[in-house]
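Keep the view open as you read along.

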Amino acid sequence: SEVAWGGGRGGGGRANAGGRRAGRHIVSVVEMVALTRTAWATTGPEPTAQLKLYVFDCGSIELDDISDFGLSNEETSVRELFVPCYLIVHGSDRLLWDAGLPLNLAGAGEQEMQPGARVNYENSLINQLADLGISPGEIELVAFSHMHFDHVGAANAFSSATLLIQKTEYVAAFENAEAYPIFQPALYSELADNPRITLTGD
């Protein structure tokens with residue numbers, strides 16, 4: 001297996017630094033690799049195919065107050081949160097896990113989203129995939145840890161991929177989004193009719 005860092009800042013400078021902060025996400029990605037075995041069972045690569053994990057810099061969020069994350073502001077000095085996206089390649093098959101901040105923020109410099117919250121996104125996920133010679137239409141599977149704006153920013157670009165999603169998350173995001181103001185359906189609405197593998201539990 002192989003882990004590679006995407007070119008968020010000049011060949012991966014930010015991604016490399018941010019990767020340390022994003023290490024906790026890799027467990028979820030490894031779990032998702034296991035889930036994709038079912039999806040690839042009939043058409044997937046041979047078991048001996050090389051497995052690669054690419055980590056992309058899909059932006060950062062800087063917060064003055066981090067108490068919404070279950071921590072007091074005195075417990076940590078960390079205020080900048082890394083926004084990672086992951087590409088898992090197994091043989092000729094590809095799974096994208098998370099799609100980062102909204103694409104309209106890429107290259108726009110630091111932007112204030114609301115008082116006390118700023119975002120920065122230098123190089124879009126689409127461009128970083130292109131650096132690997134991969135277009136959105138070549139991604140077979142796509143999945144998101146959850147459907148908040150900082151995880152689905154480029155989701156609509158993958159409207160031909162099979163969507164892997166928990167049933168409860170699909171219902172909330174696609175059928176009942178008006179009950180959850182934190183969702184921004186415009187960022188992912190084009191996935192509504194994607195081929196879908198609905199998951200229930202781990």
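Let us begin with a strand pairing: β4 runs parallel to strand β7 (residues 141-143), and three bridges link them. Two strands count as paired here if DSSP finds at least two bridges between them.

A word on the ground rules. This is a predicted model, in which local features need pLDDT of at least 70 and side-chain atom pairs count only at pLDDT 80 or more, while totals for chains, interfaces and linings use all residues. Residues are numbered from 1 along each chain as its sequence is written, and side-chain values use heavy atoms, with hydrogens and water left out. Strands (E, at least two residues) and helices (H or I, at least four) are DSSP runs, numbered from the N terminus.

**Strand β4 and its other neighbour**

β4 also pairs with β3, this time in the antiparallel sense over five bridges. Histidine 90 has aspartate 93 in β4 as its bridge partner. The two strands form a hairpin with two residues between them, and glycine 91 in that turn has a positive phi of about 65 degrees.

How many residues of strand β4 (residues 93-97) are buried? Five of the five are, so the strand is largely enclosed by the rest of the structure. Buried means under 20% relative accessible area, exposed means over 50%, and partly exposed lies in between (1.4 Å probe, protein chains only). In a regular strand the side chains alternate between the two faces of the sheet. In β4, Asp93, Leu95 and Trp97 point one way and Arg94 and Leu96 the other, and all are buried.

**The disulfide**

The structure holds one disulfide (a pair of cysteine sulfur atoms within 2.5 Å). This bond joins cysteine 58 to cysteine 85, with an S to S distance of 2.2 Å. Cysteine 58 lies in strand β2 (residues 51-63) and cysteine 85 in strand β3 (residues 80-90), so the pair ties together parts that are 27 residues apart in sequence. The torsion about the S-S bond of cysteine 58 and cysteine 85 is about -135 degrees, so the disulfide is left-handed.

| Residue | Relative accessible area |
|---|---|
| Cysteine 58 | 0% |
| Cysteine 85 | 0% |
| Asparagine 123 | 17% |

Asparagine 123 is found in the loop between β6 (117-120) and α3 (125-131). Its side chain makes a polar contact of 3.4 Å with the side chain of asparagine 127. A polar contact is a pair of N or O atoms within 3.5 Å; within protein, one must be able to donate a hydrogen and the other to accept it, and residues adjacent in sequence count only if both atoms are side-chain atoms.
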